[in-house]
Amino acid sequence: MLTAGGVAPGLSDHTPSSVAIVTAWAQRDLCATPALSGGTSAVQTMTWTGCAAGTQVVLDTVTGGDNGWFSPSLTGADASLDATQTVWTFFAPLATH
């Protein structure tokens with residue numbers, strides 16, 4: 001996803017920003033607005049809570065990151081987030097069934 005939106009390489013259609021896409025998802029999930037913001041200078045997190053069925057919507061944005069799978073084993077901004085751990089932490093509470 002393009003963080004700021006725009007036209008992705010090889011495409012002619014405008015792509016909405018990551019924030020716009022996830023905000024629309026949060027609206028569909030009937031989340032309370034506005035999102036709570038936090039994080040660090042390397043990774044900003046937006047969290048929508050109070051969503052339908054007790055769910056939440058989360059967007060982590062890596063400053064200067066690529067569109068790959070983030071890992072501490074990489075270099076630069078792509079090492080700022082452990083994507084595997086982040087996804088597990090998000091879904092683990094749902095794995096109790």
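Buried means under 20% relative accessible area, exposed means over 50%, and partly exposed lies in between, using a 1.4 Å probe and protein chains only. This is a predicted model, in which local features need pLDDT of at least 70, side-chain atom pairs count only at pLDDT 80 or more, and totals for chains, interfaces and linings use all residues. Residues are numbered from 1 along each chain as its sequence is written, and side-chain values use heavy atoms, with hydrogens and water left out.

**Overall layout**

- The chain has 2 helices and 5 strands; helices (H or I, at least four residues) and strands (E, at least two) are DSSP runs, numbered from the N terminus.
- Along the sequence, the pattern reads β-β-α-β-β-β-α.
- Of the 97 residues in the chain, 25% are buried.
- Contact means heavy atoms within 4.5 Å. Among the chain's contacts with a separation of 6 or more, 17% are between residues 24 or more positions apart.

**Helix H1**

- Ser 18, Val 22 and Ala 26 are the buried residues of H1. They sit on the same side of H1 because they cover an arc of only 65° around the axis; the arc is that of the directions from the helix axis to the C-beta atoms.
- An α-helix has 3.6 residues a turn, so residues three or four places apart point the same way.
- Gln 27 and Arg 28 are exposed on the other side of H1.
- Strand S4 (43-48) and S5 are included in what covers the buried residues of H1.
- Val 22 belongs to helix H1 and counts as buried, at 11% relative accessibility.
- Setting aside neighbours within four places in sequence, Val 22 touches Trp 48, Val 57 and Leu 59.
- Val 22 and Val 58 are 36 residues apart along the chain, and their C-alpha atoms are separated by 8.0 Å.

**Nonpolar cores**

- A nonpolar core is a set of buried Ala, Val, Leu, Ile, Met, Phe, Trp, Tyr and Cys residues joined through side-chain atoms within 4.5 Å.
- The largest nonpolar core has 8 residues: Val 22, Ala 26, Cys 31, Ala 35, Trp 48, Cys 51, Val 57 and Leu 59. H1 and S5 each contribute at least two residues to this core.
- A second, separate core of 5 residues includes Val 43, Val 62, Phe 70 and Ala 83.

**Largest pocket**

- A pocket is an open set of points on a 1 Å grid over the protein atoms alone, where a 1.4 Å probe fits and protein lies on both sides within 12 Å along at least five of seven lines; lining residues have an atom within 4 Å of a point.
- The largest pocket holds about 1100 Å³ of space.
- Its lining has 30 residues, with Val 58, Leu 59, Asp 60, Leu 81 and Thr 86 nearest the centre.
- Helix H1 (18-28), strand S5 (57-62) and helix H2 (83-91) each supply at least two lining residues.

**Positive phi in loops**

- Most residues other than glycine have a negative phi.
- Leu 30 is not a glycine, yet has a positive phi of about 60°. Leu 30 lies in the loop between H1 and strand S3 (36-39) and is exposed, with a relative accessible area of 63%.
- Ala 53 also has a positive phi, near 60°. Ala 53 sits in the loop between S4 and S5 and is exposed, at 83% relative accessible area.

Key. Grid points are joined across faces, edges and corners, and a volume is the space filled by probe spheres set on the points.
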